[in-house]
Amino acid sequence: MPLDRLSTLFRQAHFSIANPPPNLSAPMLVLSEAQSGHIEIRYQRSAQNSNNDPLAIFIDFGGEQSALFQAIPDAIRMNLNPQHAAWAVAQTVLTELQTPRCGGPIMLERLVEVLMIYLLRDAIEFGAQQTGMLLGLADPQLKHALVAVHDSPDHPWTVDELAHQSGVSRTVFYKRFNEKVGCSPSHYLRQWRLTLARSQLLKGHRISQVAKSIGYQSNEGFSRAFHQHFGEWPSEVGE
């Protein structure tokens, strides 16, 4: 079975369909029908300076610190022909947008998640960004280390262990990780843990549970790291 590079990211992250914000600063997904039955899907991180397209879906990732928001490039386009596996999903979304019916918002939320997975698959396969998580997940070696970190954020990962996961030397791993992901492995691990922590706190999880789930041995150490990263204390976000 091939390495799954996206499931954990979607399980850990959360997004929902949002109402259009007053300043149109939220991420958006736009669908449009083209000639020959094609459907174009366009994602952009900010809707500013764009037309008020009636077929636009605004997405709430739970803030700019969301792991999913950070992973997605500023803009992605994907053109679907009727033979593409995502075409039927996109066609259903278009129908729901053009003819709203009961249960539509819930259906759209599920279908948009599927379309976002297709978009990220496409971005990974065709290199839609110059640096960042997706470029790391596209790398044949680094992807193993990133998936390990995503799957087990509570493990006390070392650079040597992550290099071993990737099947390369420590020196090669460290250099390649910095070049492709854009930061050191330890910085990425810390950022991933704290991003997950904030998401859990927003869902109402207790600080002690959150700290343990991401590998911190004490609430005090977790709180200091959280405050240093986000500029606010866990108690101001959660309990």
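Okay, let's start with a charge and a ring: the charged end of Arg-45 sits over the ring of Phe-69, 4.2 Å from the ring's centre. Before going on, please keep in mind that this is a predicted model. There's another arrangement of this kind at Arg-121, whose charged end sits over the ring of Tyr-118, with 5.3 Å to the centre.

Now, rings with rings. How many aromatic pairs does the structure hold? The count is six. Take Phe-173 and Phe-177: their ring centres are 5.5 Å apart and the planes are at 50°, so this pair is tilted. To call a pair edge-to-face, you'd need planes over 60 degrees apart, and to call it stacked, under 30. Both Phe-173 and Phe-177 belong to helix α8, which runs over residues 170–181. They're four residues apart there, so about one helical turn separates them. Buried or exposed, these two? Phe-173 is buried, and Phe-177 is too. Elsewhere, Tyr-216, Phe-222, Phe-226 and Phe-230 come together as one aromatic cluster.

Let's stay with α8 for a moment and switch to charges. Lys-175 makes a salt bridge with Glu-179, and their closest N and O atoms are 2.6 Å apart. Here again we have two residues four apart in α8, which means about one helical turn lies between them. There's also a network of salt bridges that links Asp-139, Arg-176 and Lys-180. Across the structure, the number of salt bridges is seven.

Some of these reach further along the chain. Have a look at Arg-77 and Glu-40: they form a salt bridge, with 3.1 Å between the closest N and O atoms. Where do the two partners sit? Arg-77 is in strand β5, residues 75–80, and Glu-40 is in strand β3, residues 39–44. They're 37 residues apart, so the bridge links distant parts of the chain. Arg-77 has a relative accessible area of 52%, which makes it exposed, while Glu-40, at 23%, is partly exposed.

The next one is Arg-198 with Glu-232, whose side chains meet in a salt bridge at 3.0 Å, N to O. That pair also links distant parts of the chain, 34 residues apart: Arg-198 is in helix α9, residues 185–202, and Glu-232 is in the loop between α11 and α12. Is Arg-198 buried or exposed? Its relative accessibility is 19%, and because buried means under 20%, Arg-198 counts as buried.

On to how the helices pack. What describes two packed helices? You give the angle between their axes and the distance between those axes. For α6, residues 142–151, and α8, the axes come within 11 Å and cross at roughly 80°. That makes α6 roughly perpendicular to α8.

From α7 the contact involves Val-159, Asp-160, Leu-162, Ala-163 and Ser-166, and from α8 it involves Arg-170, Phe-173 and Tyr-174.

Back to α6, which is mostly covered, with eight of its ten residues buried. What covers those buried residues? The cover includes α1, α5, α7, α8 and α9. Among the buried residues of α6 are Leu-142, Ala-145, Leu-146 and His-150.

I'd like to finish on His-150, which is buried with a relative accessible area of 2%. Setting aside neighbours within four places in sequence, His-150 is in contact with Thr-8, Gln-12, Met-133, Leu-137, Tyr-188 and Trp-192. Gln-12 comes from helix α1, residues 7–12, and is partly exposed at 25% relative accessible area. Looking from Gln-12, and not counting residues up to four places away in sequence, the touching residues are His-150, Trp-192, Leu-196, Ser-199 and Lys-203.

That's my tour, and I'm happy to go back to any part.

Notes:
Residues numbered from 1 in each chain as written. Predicted model: local features only at pLDDT ≥ 70, side-chain atom pairs only at ≥ 80, totals over all residues. Heavy atoms only, no water. Phe/Tyr/Trp six-rings, centres within 6.5 Å; stacked < 30°, edge-to-face > 60°. Buried < 20%, exposed > 50% of the residue type's maximum accessible area, 1.4 Å probe, protein only. Lys NZ or Arg CZ within 6 Å of the ring centre and 35° of its normal. Salt bridge = Lys/Arg side-chain N within 4 Å of Asp/Glu carboxyl O. Axes fitted to C-alpha atoms, helices over the stretch in contact; angles between N-to-C directions. Parallel < 35°, antiparallel > 145°, perpendicular 65-115°, else oblique. Contact = heavy atoms within 4.5 Å.
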